[in-house]
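These are my notebook entries on one structure. I looked up how its parts are arranged and recorded each point in turn.

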Amino acid sequence: MKHIPRKRFGQHFLTDGAVLSAIVRAIDPRPGEAVVEIGPGMGAMTDPIVECCEHLTVVELDRDLAARLRKRPELTVIESDVLKVDFREVARLARATYGEAHKLRVVGNLPYNISSPILFHLLDFVDVVEDQHFMLQKEVVERMAASPGKKDFGRLSVMLQWRYDIESLIDVPPECFDPPPRVDSAVVRMTPLQHPPAVDVALLSELVAVAFSQRRKMLRNTLGHWLNERCGEDVPVFDLQRRAEEVPVADYVALVTAVGLRDAAKKTAP
C-alpha cells in the first residue's frame with residue numbers, strides 16, 4: 001500500500017538513487033557504529049545505511065510508517081516527535097550494545113518546517129554525538145556554514161559554529177523528491193569540535209539575538225545598549241563599530257565569556 005506524504009509532517013521522500021548513493025558514501029556508515037536516523041520515511045536512506053552498519057535506530061513520528069518499520073528486525077524504532085527524544089538516553093542504550101567508546105552518528109532528511117528547532121535540540125546532546133549528516137533546505141545550510149562578512153552569516157551561523165565544524169556537501173534539486181519541495185536542498189555535515197570553548201549557551205543566544213536584531217545598524221546601537229544595561233561601567237572591551245555579520249564567531253564567544261565572568265563576580269561580591 002502506497003504511503004501518502006503528509007504535509008503536517010513536512011514529508012518529502014528522497015527518490016533519486018544517484019543522490020542517495022552519494023549521501024551514503026559521504027556518511028560512510030560501518031558495522032558496529034551507533035547510527036540514528038531521524039525521519040526514515042519510506043526507507044530510501046534507511047535501506048543502504050543499514051546494509052552498511054547492520055543495525056539502525058530510527059526516530060519516526062508517523063505511526064503508519066513506524067508500524068511498517070517495526071516489522072524489520074534490524075531496526076530499533078522510536079515512535080516519537082524528535083524534539084521530545086532524549087538522545088543522551090539513546091546514547092546510553094547504544095553504549096550498552098556497542099561499548100563505551102561509541103557515540104551517536106545522527107543522519108536524516110529533516111522536515112524543513114522544523115529543521116532549526118531540531119538542530120537546537122540536538123545541540124543539547126552534542127557531547128554524545130560523533131557527527132551529524134542532514135538533508136536540509138539549501139538556504140538553511142548556507143546560513144549554517146556562512147563565514148563572517150557574508151550576507152547569509154547570522155544568528156544560526158554563530159549558534160552552531162561555536163560548537164560544530166560545518167560543511168555543505170551535496171546540492172539536491174527538488175525533482176529528486178516525491179513530492180518535490182518548492183526549494184532546493186543540500187546535505188550538510190556537522191562535526192562537533194574536539195575542544196569547544198566553555199559557553200553559557202543561553203547567554204550566548206541572548207547576546208547574539210540582540211546583535212542581529214537590527215542587522216543594518218552598527219553594534220553600538222544594539223549590542224552596545226544591551227552591554228551597558230547588563231554590565232554598567234564594567235563593560236568588556238569589544239569593537240562595537242561593526243555590524244553583526246562582520247564579527248567572527250570567536251569574538252562573540254570571547255564577549256559572552258567576559259560577560260559571564262562579570263555576572264559571576266557580581267554574585268560573589270560582598
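**Entry 1: strand β5**

I began with β5, which is mostly covered, as 6 of its 6 residues are buried. I take buried to mean under 20% relative accessible area, exposed to mean over 50%, and partly exposed to mean in between (1.4 Å probe, protein chains only). Helices (H or I, at least four residues) and strands (E, at least two) are DSSP runs, numbered from the N terminus.

**Entry 2: the model and its confidence**

I note that this is a predicted model, in which local features need pLDDT of at least 70, side-chain atom pairs count only at pLDDT 80 or more, and totals for chains, interfaces and linings use all residues. Residues are numbered from 1 along each chain as its sequence is written, and side-chain values use heavy atoms, with hydrogens and water left out. The pLDDT is the predictor's confidence in each residue, from 0 to 100. Its mean for the chain is 91, and 94% of the residues reach 70 or more. Residues 1–10 have pLDDT below 50, and this stretch has 24 contacts in the model beyond near neighbours in sequence. Contact means heavy atoms within 4.5 Å.

**Entry 3: the sheet**

Which order do the strands take? I found an open sheet of 7 strands in the order β4-β3-β2-β5-β6-β9-β7, with mixed pairing. Two strands pair if DSSP finds at least two bridges between them. The edge strands are β4 (75–79) and β7, each of which pairs on one side only. Neighbouring strands of this sheet are turned by 20° against each other on average, direction ignored. For such angles, axes are lines fitted to C-alpha atoms, for helices over the stretch in contact, and angles run from 0 to 180 degrees between N-to-C directions.

I next followed the pairing of β5. Strand β2 (residues 34–38) runs parallel to β5 and is joined to it by 5 bridges. Across this pair, A34 has L104 as its bridge partner, and V35 has R105. With β6, β5 pairs in the parallel sense over 6 bridges, and N109 stands opposite M135 there.

**Entry 4: helices on the sheet**

I looked up α1 (residues 17–27), whose buried residues are V19, L20, A22, I23, V24, A26 and I27. They pack against several elements, including α2 (46–53), β5 (104–109) and β6 (129–137). The helix lies across β5, β6, β7 and β9, running at about 160° to β7. At its start, a side-chain oxygen of D16 reaches to within 3.0 Å of the backbone nitrogen of A18. After α1 comes D28, with a positive phi near 55°.

Helix α4 (residues 87–98) lies across β2, β4 and β5, at about 145° to β2.

**Entry 5: S80**

Is S80 buried or exposed? S80 counts as buried because its relative accessibility is 17%. I located S80 in the loop between β4 and α4. Apart from neighbours within four places in sequence, S80 is in contact with V59, E60, L61 and V85.

**Entry 6: helix α9**

In α9 (residues 223–231), the buried residues are L223, G224, W226, L227 and C231. Seen down the axis of α9, they fall within an arc of 160°, so they line one face of the helix. The arc is that of the directions from the helix axis to the C-beta atoms. What covers them includes α8 (201–211) and α10 (249–268).

Terms used: A polar contact is a pair of N or O atoms within 3.5 Å; within protein, one must be able to donate a hydrogen and the other to accept it, and residues adjacent in sequence count only if both atoms are side-chain atoms.
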